[in-house]
Amino acid sequence: MCFYIAEFTFLNFSGILSVVFLGLFMSAYGKTKIYSESEHAVHTIWSFAQYICQTLIFIFSGIIIALEIIQENSTIQVSDWIKLFLFYVIMIFSRYITILSLYPLLQKFGFGISKVDIYALTWTGLRGVIGLTLALMVMVDSNIQDNRFKQITMLYMAGIASLTLIINGNTCGFAFRYLKLIQIPHIRKRIFQNSIKELIISCIEKEKELKVNTFLYLAEWNKVENISGITQFKTDIEQNKDSHKSSYTGFNDIDILTEIRFKLLRNLKRLSWEHYDKSQTSEQAAHLLEDGINMQLESTKKPLQIWDLIYINFVNLKLIKFMFAIKDVMFIGKLAKKYLTHHLAFIYEVSTSFIIIANQIKEVQKELPLRKDFLNEVSQELQLNIDRAEKYILELQNNFSEVIKAIHTKRAAFNLIQHQKKFLQKYKKNGYIDNEDFDNVCKRIDQKQNVLQNMSFEWSIPTFQQFILQFPIFSSLTSEQLNKLTSSQQTLTMQHEQELYNKYKPVQSIYIITSGSVIDKLTPEFSLNIGIGGFLNFANCTRNNNEENSFSTAITQIDSSFICLPLGVVRSIMMQNKVFQQKIFLRSIIYFVKIFDQKAGPLKNMEENNLNEYCQKSQFYMLMVNQFISLNYGGYVIKGEIEVINNLEKSKLNRFSDFTYIQPGIKQYKVVKETLLLRFDVEYTVSNSLQIEQTYDKKYKDSFSDKYSGNKRNYSIELQNY
């Protein structure tokens, strides 16, 4: 359709170039409209169609050259062939001059290029299908009567295409190697070698299991190793053993930092799509995050600037403020309001998703087997990106506080709709529902999603009554308890960088932020940025009395307003309402595991939202003295004390007190003091996307013989000794 309208209507544009620009547009915007589940199929089909079209074009070009140019009545002369080679040289030189003249701009914008890249871009610019197609259109155009012009056009275009494919195409690899553009970092080669060691170790363990299999007694294990390639892997390790005795001491700081950034970014990219698979973010947001990470992967030798690469895709704040200013104007105001709700919701989704996955990666990255100073440097780079993203979120909340409630509502509804789709796809895959039922339900869900996209939301700053009635944590309160909170609430206004409470002083209230933002410092290394609608802080409600010090220190980042609820009133309601008490303790877990991190086990590495979700998959217990409980999937002691009982000897083995994580296991525990405890229903596991690529696991340490282990040190120890 694009080709036809451009070529055969009054527009008189080039159909080929029109299709090219359509492809550029689709790559920038249309691709994000394709469901990720269908993207592979679409790519496969169109790649095959592209291959067929390109093949036909080259075949037609060859036929026409044979029929029209290489014949007795051809107008092509020897001088034309000489000019062809001359034009080829001129084309290469012209391309070099063009790129060189644009170098200052190309160096600063987009991915950025170096001087070496100029030569690569000059040499690798192959000519082909588009030029040949245009030449073919000239050959068959009946309006062009000059046969000499047709033949010379086809000769030069086909000749240039052939020369670039034959000369440039076949020498690109050599050119890249000569320019040293294709280099595998030495540290990555070393890590790869140790990965092969781990592969051998794992295969040795698997071979031991197979040897005791009663159905495989007659297997020739030497032959099995040869067929499976294990013998070859062992030979390769033996050959490389001597060259790697010197550990990792030969690598400079840049190599180490580059490799850490590379692994971090690759895990970030996987995690962004894992978030999409869990219906925690949209496909468009995942694509945008991936694009920003891909751009950062092009420059891993420089400090991380992921947030800046994501931010450039957002509309300027000045334009957003302008749209906000005209939201009440007749006619255009409705459109501006709809646009703002949609765009700000998308920005909010991308920004918060980045903050979540970056925090997750930052915690797990600490486990990489490298020197801590290198890890800390990259971690600080990532933290600067997180801080900028959080600052941007707070700017949105403070500048557009009326729309934040609508954004939260829209995003929550979108996540539920996406979850419905994922759930149905899973059930269809397992055969629980047939295709027809699946399609019918999906149509209804898609209609709901379309309605959500075009839905208008009321813009307003939540009142105290709305906080109380709408927030899930207050949903279990009776009318009398709600009235008690309402009658005791007070308002407070504080200026920029004022201290709301201090961890070394008693605190008298909890606070709901109605405007502004606060940073709540739990430890010198960890703090929470809390904006409109946030609570400060539920952990203080778990103290026994008003004389105890606060868990943290809260400081306003800008001028802020609060609703204050007396701690005494909240605690009295907690004593009356056990469900409310349970919710308070669950919302306080982030404070417990970060402040008492030495006793928090793996929970200390979890990002706040993931920790809250994990704790939701748990049972809350209030246990009395001498009660017994089992913790097959682990648990967390909030208050009190329990001990492990040996069923055989009935003797005390170990005790767990306040703020302590308990490892999973088939053990029986006895309550020593009255205890508040979380019993997890799901065992804690690190997400596959967060598994750092460590090799040579300790459990295999003794399995690898001296012949293949060299100096008996795994690569993680070698890196730590660097």
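In which order do the four strands of the open sheet that contains E1 stand, and how do they pair? I began with this point and found the order E1-E8-E3-E6, with antiparallel pairing. Strand E1 (490–494) and strand E6 (535–536) are at the edges with a single partner strand each, so one side of each has no neighbour in the sheet. I took helices (H or I, at least four residues) and strands (E, at least two) as DSSP runs, numbered from the N terminus. Two strands were taken as paired where DSSP finds at least two bridges between them.

**Basis of the entries**

I worked on a predicted model, in which local features need pLDDT of at least 70 and side-chain atom pairs count only at pLDDT 80 or more, while totals for chains, interfaces and linings use all residues. Residues are numbered from 1 along each chain as its sequence is written, and side-chain values use heavy atoms, with hydrogens and water left out.

**Overall count**

I noted 27 helices and 14 strands in the protein. Of its 722 residues, 43% count as buried; buried means under 20% relative accessible area, exposed over 50%, and partly exposed in between (1.4 Å probe, protein chains only). Among the contacts in the protein with a separation of 6 or more, 76% are between residues 24 or more positions apart. A contact here means heavy atoms within 4.5 Å.

**Annotated transmembrane regions**

I looked up the UniProt annotation "transmembrane region", from an unreviewed entry, and it covers residues 9–28, 48–70, 82–106, 118–140 and 152–179. UniProt positions are given in the numbering used here, feature names are shortened, and annotations may be inferred rather than shown by experiment. For residues 82–106 I recorded 96% helix and 0% strand, with the end C-alpha atoms 34 Å apart. For residues 152–179 the span is 96% helix and 0% strand, and the end C-alpha atoms lie 36 Å apart.

In helix H6 (residues 115–123) I found Ile118, Ala120 and Thr122 buried. Their cover includes helix H4 (78–101), helix H5 (103–108) and helix H8 (147–178).

**Isoleucine 237**

I located isoleucine 237 in helix H11 (residues 230–241). Is isoleucine 237 buried or exposed? It counts as buried because its relative accessibility is 4%. Lysine 197 is 40 residues from isoleucine 237 in sequence, and the two are 7.3 Å apart in space, C-alpha to C-alpha.

**Helix pair H18 and H19**

I examined helix H18 (residues 401–429) against helix H19 (residues 435–454): they pack at about 170°, with their axes 10 Å apart. H18 is therefore roughly antiparallel to H19. Axes are lines fitted to C-alpha atoms, for helices over the stretch in contact, and angles run from 0 to 180 degrees between N-to-C directions. Angles under 35 degrees count as roughly parallel, over 145 as roughly antiparallel, 65 to 115 as roughly perpendicular and the rest as oblique. By class, the contact of H18 with H19 has nine nonpolar, six polar and five charged residues. Ala, Val, Leu, Ile, Met, Phe, Trp, Tyr, Cys and Pro count as nonpolar, Asp, Glu, Lys and Arg as charged, and the others, Gly among them, as polar.

**The sheet with E3 and E8, and helix H22**

I returned to the sheet of the opening entry. Strand E3 (residues 509–515) and strand E8 (residues 560–566) run antiparallel and are joined by six bridges. Serine 515 stands opposite serine 561 in E8. Helix H22 (residues 567–576) packs on the sheet and touches E3 and E8, its direction making about 50° with that of E8.

Helix H21 (residues 479–488) packs with H22 at about 175°, the axes being 10 Å apart. H21 and H22 are therefore roughly antiparallel to each other. The contact involves Gln481, Lys484, Leu485 and Ser488 of H21 with Val569, Val570, Ser572, Ile573 and Gln576 of H22. I counted these by class as four nonpolar, four polar and one charged.

**The sheet with E2 and E5**

I found another open sheet of four strands, in the order E2-E7-E4-E5, with antiparallel pairing. Its edge strands are strand E2 (499–501) and strand E5 (527–530), each of which pairs on one side only. E2 pairs with strand E7 (residues 553–556) over two bridges, and glutamate 499 stands opposite isoleucine 555 in E7.

**Strand E11**

In strand E11 (residues 635–645) I found ten of the eleven residues buried. Nine bridges join E11 to strand E14 (residues 668–680), in the antiparallel sense.
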